[in-house]
Amino acid sequence: TMGLDTHVWCLTMAHMRWTLLQRLGKNVNLNIEDDEAYWTAMDALPLGFLGGPSWKRTINNIKESGGGGGDVDKAFGANIAERFRNILVQLEPSRWEAEGLPSDDEIAQVVDFIVKSHWLS
C-alpha cells in the first residue's frame, strides 16, 4: 500500500511539482505522453525509512527545535532537489529550457514545507 498511501497523502514528486508551481503562480497543467515519465513523477518522496540517515538527521533537527523549526538536513534536501529537477526536465523539457528551472531556494522552501507538514501531522 505504500504507493497508494504516498499518493493519498500527497507525498510524491508529482505533488511536489504541483506545490512548487502553485507557490510560484505558474500553470500546473501537464500533458504526459511518456508512461515512464508519469511513473517517475509518481515516485514517493524519500521520507521515513526511504530517507535513510539524512532523514533521521532532519527529524532530529525538527525535534530539537521544539517541533516547528529545525533545518532540513543539507544532504537530504540536496538529494530531493536533484531528483526533483531531473523529473521536472523529464516531464516538461521544453518548458524548463524556455523558463529556466526554479531556483535552489524555491525548491528548498517546498521541501521544507512538505517535510515539516508531514512530520507535524
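**Entry 1: the order of elements**

I read the elements of the protein chain from the N terminus on, and they run α-α-α-α-α-α-α. I counted seven helices and zero strands. I noted that this is a predicted model. Next I looked up burial for the chain. Of its 121 residues, 38% count as buried.

**Entry 2: salt bridges**

I searched the whole structure and found eight salt bridges. I began with Glu-92 and Arg-17. Their closest N and O atoms are 3.3 Å apart. Where do Glu-92 and Arg-17 lie? Glu-92 is in the loop between H5 and helix H6 (93-99), and Arg-17 is in helix H2 (residues 13-24). The pair therefore ties together parts that are 75 residues apart in sequence.

Are these two buried or exposed? Glu-92 has a relative accessible area of 10%, so I wrote it down as buried. Arg-17 is at 6% relative accessibility, so Arg-17 counts as buried too. The cut-off I used for buried is under 20%.

Glu-92 has another partner. Its side chain also meets that of Arg-95 in a salt bridge, at 3.2 Å from N to O. Arg-95 counts as buried, because its relative accessibility is 15%.

Then I turned to Glu-99. Glu-99 forms a salt bridge with Lys-26, and the closest N and O atoms are 2.9 Å apart. Glu-99 sits in helix H6 and Lys-26 in the loop between H2 and H3, so this pair ties together parts that are 73 residues apart in sequence. Glu-99 is partly exposed, with a relative accessible area of 43%. Lys-26 also counts as partly exposed, at 31% relative accessibility.

Which residues do salt bridges with shared partners join into one network? I listed Arg-17, Lys-26, Glu-92, Arg-95 and Glu-99.

**Entry 3: aromatic pairs**

How many aromatic pairs does the structure hold? I found two. One is formed by Tyr-38 and Trp-39, with 4.8 Å from centre to centre and 85° between the planes. This pair is edge-to-face. The cut-off for that label is over 60 degrees, so the angle of this pair qualifies. Tyr-38 counts as partly exposed, at 34% relative accessibility. Trp-39 is exposed, with a relative accessible area of 57%.

The other pair is Trp-55 and Phe-76. Their ring centres are 5.5 Å apart and their planes are at 50°, so I noted the pair as tilted. Trp-55 lies in helix H4 (residues 52-64) and Phe-76 in helix H5 (residues 74-91). The pair therefore ties together parts that are 21 residues apart in sequence. Both Trp-55 and Phe-76 are buried.

**Entry 4: Ser-54**

I stayed in helix H4 to check Ser-54. Ser-54 is buried, because its relative accessible area is 12%. I then compared its position with that of Lys-74.

**Entry 5: a charged patch**

Last, I looked at charge on the surface. Which residues gather in a patch of negative charge there? I noted Glu-33, Asp-34, Asp-35 and Glu-36. Asp-35 is found in helix H3 (residues 35-41). Is Asp-35 buried or exposed? Its relative accessible area is 62%, so I put Asp-35 down as exposed.

Note on methods: Residues are numbered from 1 along each chain as its sequence is written. This is a predicted model: local features need pLDDT of at least 70, side-chain atom pairs count only at pLDDT 80 or more; totals for chains, interfaces and linings use all residues. Side-chain values use heavy atoms; hydrogens and water are left out. Patches are made of residues with over 30% relative accessible area and no salt bridge: like charges are joined within 9 Å, nonpolar side chains (Val, Leu, Ile, Met, Phe, Trp, Tyr) within 5 Å. Accessible areas come from the Shrake-Rupley method with a 1.4 Å probe; for residues, only the protein chains shown count as cover. A salt bridge is a side-chain nitrogen of Lys or Arg within 4 Å of a carboxyl oxygen of Asp or Glu. Lys and Arg count as positive and Asp and Glu as negative; His and the chain ends are not counted. The place of a charge is taken as NZ of Lys, CZ of Arg, CG of Asp or CD of Glu. Helices (H or I, at least four residues) and strands (E, at least two) are DSSP runs, numbered from the N terminus. Buried means under 20% relative accessible area, exposed over 50%, partly exposed in between (1.4 Å probe, protein chains only). Rings of Phe, Tyr and Trp (its six-membered ring) pair if their centres lie within 6.5 Å; planes under 30 degrees apart count as stacked, over 60 as edge-to-face and the rest as tilted.
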